[in-house]
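Please open the structure in your viewer and keep the selection tool at hand.

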Amino acid sequence: MNPENFIPVNLLATSTIPVVVIAIYLGLLLGLAMMSKLLFRGTSTDYFVASRSIGPFMLLMSVFGTTMTAFALVGSTGKAFERGVGTYGLMASSSGLIHAACFFLIGIKLWSFGKKYGYVTQIQFFRDRFESKAIGYLLFPILVLLVIPYLLIGVIGAGKTIMGVTGPKGKAPGMFPELFESTSGAIPGELTGLVICLVVLCYIFAGGSRAAAWANTFQTIVFMAMGLLAFYLISDKLGGLGAAIAQANDAHLVRDVSGPDDSVGVPKLMFLSYMLIPLSVGMFPHLFQHWLTARSAKSFRLTVIAHPICIMIVWVPCVLIGLWATGKLPEGTPGGAVLAKMVGILVKDPIVVGLVTAGILAAIMSSLDSQFLCLGTMFTNDVVIDKFGKERFTDKQIILIARLFVISIVIITYVFSILLFKKSVFDLAIWSFSGFASLTPLVFAALYWKGATKTGAFASIICAIGVWLYFFKASGWGGEYTVYNGMMPVAFSFGAGALAMIIVSLFTAKPAESTVNKFFPKF
Amino acid sequence: MTSKKIILALALVLGVLHHDTWNWGNSDLVLGFMPVGLFYHACYSLAASILWVFAIKFAWPKDLVDWAEGGESNES
């Protein structure tokens, strides 16, 4: 059904109230983050890891908010609209098991070593564990390369969402027809991207890791609440939960593959190999930094237990909205625009539209801030301080260097977001996650295998990223791509990394006894 | 069998149960509004959460945490 057939000309598209609501939300966010500045202790440790003072609730909210980005609200709804009900099993339920496993098996160990040996970044840990400075110079560009698509998801997702909300609705023009003629009155994606980047920059510049944790907590509460609000209002407009699902396309209620180019449903091998993708959280550098902010290991308990439930609270409503949309929106609707269109078309109340859109932006920004911050932290600690020595800089200079690097990354991300605006948010995310997941054998071997060697670590990184790059190129740099009967490329890149680590480590020089004792302490 | 091994075994069982081939083509609705494939995986999320409650209760790395939180730290 074409939405133009049933949407009356209404005031929604021309009302600027949603934009005002979003502006108020951004103002509140900035105010809150600036308040956290009052607690800033002025040291680099406070800037990078909030002086390791974050408690259980804030850790849960910041870790959950960081792992859920545009991918969660916009991507899940869009993917459910395209592929159907299997979307939840593909990413959400497996993440409940595997994310929490990574927090438990990797996060607590890394936090312990971070606390004991004063680490601020992943690379500092790997350099000590594998007795090699060079491994840092190999890993740094790879981690930056993998974080950039993740950043792009956020900036592009925000742009698409605001375009959907402010664009023409049926015969009604967009909100700003005279100002933005080329987009039929919709706020262009590049302007939204610019505003989002500037807001995030403002608060991480002001308070660093602590501001990010405060802002993430606020944003996570907002996006969870707004997701539920959207769910309730949309289902209400569709005549209740039963009526809403009754009008969905039947092919989307099962996982059997159907449709042109097998675009609906989920092949079984794809479903199986997707299980590897949530392993990415074990290697996310921004998550590593959040782990290090924990006041004590006990702070992890709530995060480990509640994470699967928080995922369920966000993903079940979004997947259902995506299924309902199959009966309301035309088949070719871009996945990234589905949630915004469902809210805009069905709910119509401009204040609610503004609130829900603010929720989507909250999900996006709660990841962007941590990613920007971690890149600055890595560059400062793993490149600058490693090269020139810490004694050469004052704490203020260290923070300044981190900020300057963040600005350069923001500029690069912003330019790419304009060039790649038409890419699918979900597919880009999967490529980024696949790259990080491919590196998980490295961190797992570093923590649990005394026999993991420096050469094995190098081999693991090179093989995993080499295979990942091969498939990434074959996908046209970020499109949906499967290898054999729906098998995800991550199965190969992860396997290559794991095999290289095992085989090479077995035949190369073992780490020094002092290193083994340092990372495998006897209690 | 130690409690840690039981937790590991439960995690592996949960990993296998994720691949619910028996629900693939089932379009039945639970409670009249939720496709059974979605309902199953929502319950799976709850089961994962319960598993981690047990993991924290019976497999918490107490020695490691005590070691990290006590004694000398290299924190600058």
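The stops below begin with the contact of two chains and end inside one of them.

This is a predicted model, in which local features need pLDDT of at least 70, side-chain atom pairs count only at pLDDT 80 or more, and totals for chains, interfaces and linings use all residues. Residues are numbered from 1 along each chain as its sequence is written, and chains are lettered from A and ligands numbered from 1 in the order in which they are written.

**The two chains.** Select chains A and B. Their contact (C-beta atoms, placed from the backbone, within 7 Å) takes 45 residues from chain A and 38 residues from chain B. On the side of chain A, α6(A), residues 86-117, gives the most, with 17 residues. Helices here are DSSP runs (H or I, at least four residues), numbered from the N terminus.

**Across the interface.** Select α6(A) and α3(B), residues 62-69. Their axes (lines fitted to C-alpha atoms over the stretch in contact, with angles from 0 to 180 degrees between N-to-C directions) come within 8 Å and cross at roughly 20 degrees. The two helices are therefore roughly parallel (under 35 degrees). Among the residues in this contact are Lys109(A) and Lys115(A) of α6(A), and Leu64(B) and Glu69(B) of α3(B).

**Within chain A.** Select α2(A), residues 17-36, and α9(A), residues 189-237. Their axes come within 7 Å and cross at roughly 100 degrees, so the helices are roughly perpendicular (65 to 115 degrees). The contact includes Leu26(A) and Leu29(A) of α2(A), and Tyr203(A) and Trp214(A) of α9(A).

Methods. Two residues are in contact if their C-beta atoms, placed from the backbone, lie within 7 Å. Angles under 35 degrees count as roughly parallel, over 145 as roughly antiparallel, 65 to 115 as roughly perpendicular and the rest as oblique.
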